[in-house]
Amino acid sequence: MESLIAADMTTESPTWRRVTQLVDLAEVYDPVVQVCAWPREMDPDVSQYLAGLESTARVQAIETLSAAGRPQLNALPAGPGRDALIDDLSRLSEVLCDLVECPAVGLRLARVDHAMCPGWHIDRVGMRLICTYQGPGTQWLEDQDVDRRDLRHARMGDAAFIQAAPGEVVLLKGALWPGNEALGAVHRSPGIAPGADTRTLVTLDPLWHD
């Protein structure tokens, strides 16, 4: 099935929005909005660096960052563009901390050759930021007004979806967001064809200290 990616970047529904300015990600606070996305151009240095890692094994980095912290990414080799990737991850961490007023985030950077969560689902979190740097982006339902108790029904396989572009920042509300108990962004990981490029993505989750 063809995705609905980017042919009309202004397309949106009442329950999801694609904004043109970073500051407008605050629209995720609208009670009806479950997904808020900000498309942006990929840094060519980051793209080139990740493309040069194709022959390496899968990589996963899990770190906790303060609002002003910088990830270490010790699992990734040195090379041109590595610092640019670290800078961008630091910026996204700061953006999320400012947006939800949390002191830290949990970062997970992964390079995978398969769909991590291929079925439509809702995250049991408050808010999650996802950015795909390489490969196909996260998919979410065009119509977020669906029966969330029945996401595994066969008809959901034909549901129209939106797909994030490389570098696009996607905010997903989860079921634990205040007042969102029966809601949450319905999304999934994209499929990756055998022999296709790997997918490199980051997820950031707000953290609060007890």
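Colleague: Is Phe161 buried or exposed in this predicted model?

Modeller: Phe161 has a relative accessible area of 4%, and a residue is called buried under 20%, so Phe161 is buried.

Colleague: Which residue lies over the face of Phe161?

Modeller: Arg188 lies there, at 5.2 Å from the ring centre.

Colleague: How many aromatic pairs does the structure hold?

Modeller: The structure holds three aromatic pairs. In one of them, the ring centres of Trp16 and Trp140 are 5.7 Å apart and the planes stand at 70°; planes over 60 degrees apart count as edge-to-face, so this pair is edge-to-face. Distant parts of the chain are linked by the pair, since Trp16 belongs to strand S1 and Trp140 to strand S6 (residues 139-141), 124 residues apart. Trp16 counts as buried because its relative accessibility is 0%, and Trp140 counts as buried at 0% as well.

Colleague: What aromatic pair does Phe161 form?

Modeller: Phe161 pairs with Trp120 in a tilted arrangement, with 6.4 Å from centre to centre and 55° between the planes. This pair also links distant parts of the chain: Trp120 is in the loop between S4 and S5, whereas Phe161 is in strand S7 (residues 161-163), 41 residues apart. With a relative accessibility of 8%, Trp120 counts as buried.

Colleague: In what sense do S3 and strand S4 pair?

Modeller: The strands of a sheet pair through backbone hydrogen bonds, in either a parallel or an antiparallel manner. S3 and S4 (residues 104-112) are antiparallel and share seven bridges. Within this pairing, Leu65 stands opposite Val105 in S4.

Colleague: In what order do the strands form the open sheet?

Modeller: Seven strands form the open sheet, in the order S1-S2-S8-S5-S10-S4-S3, and the pairing is mixed. S1 (16-18) and S3 are the edge strands, each pairing on one side only. On average, neighbouring strands of this sheet are turned by 15° against each other, with direction ignored. S1 and strand S2 (residues 35-38) run parallel and are joined by three bridges; Trp16 has Val35 in S2 as its bridge partner.

Colleague: Which strands does helix H1 lie across?

Modeller: Helix H1 (residues 44-51) lies across S4, S5 (127-134) and S10 (199-207), and runs at about 70° to S5. Helix H2 (residues 82-100) lies across S2, S3, S4, S5, S8 (169-173) and S10, and runs at about 160° to S5.

Colleague: Where is Gln144 found, and which residues does Gln144 touch?

Modeller: Gln144 is in the loop between S6 and S7. Its relative accessible area is 1%, so Gln144 is buried. Leaving aside residues up to four places away in sequence, Gln144 touches Thr15, Gln34, Val35, Gly184, Ala185 and Val186.

Colleague: How many disulfides does the structure hold?

Modeller: A disulfide is a covalent bond between the sulfur atoms of two cysteines. The structure holds zero disulfides. Cys97 is in no disulfide, and the nearest cysteine sulfur, that of Cys102, is 3.8 Å away; a disulfide requires sulfur atoms within 2.5 Å. Cys97 is buried, with a relative accessible area of 2%, and Cys36 is buried with 0%.

Definitions and conventions
Residues are numbered from 1 along each chain as its sequence is written. This is a predicted model: local features need pLDDT of at least 70, side-chain atom pairs count only at pLDDT 80 or more; totals for chains, interfaces and linings use all residues. Side-chain values use heavy atoms; hydrogens and water are left out. Two strands pair if DSSP finds at least two bridges between them. Helices (H or I, at least four residues) and strands (E, at least two) are DSSP runs, numbered from the N terminus. Axes are lines fitted to C-alpha atoms, for helices over the stretch in contact, and angles run from 0 to 180 degrees between N-to-C directions. Contact means heavy atoms within 4.5 Å. Rings of Phe, Tyr and Trp (its six-membered ring) pair if their centres lie within 6.5 Å; planes under 30 degrees apart count as stacked, over 60 as edge-to-face and the rest as tilted. Buried means under 20% relative accessible area, exposed over 50%, partly exposed in between (1.4 Å probe, protein chains only). A charge sits over a ring if NZ of Lys or CZ of Arg is within 6 Å of the ring centre and within 35 degrees of the ring normal.
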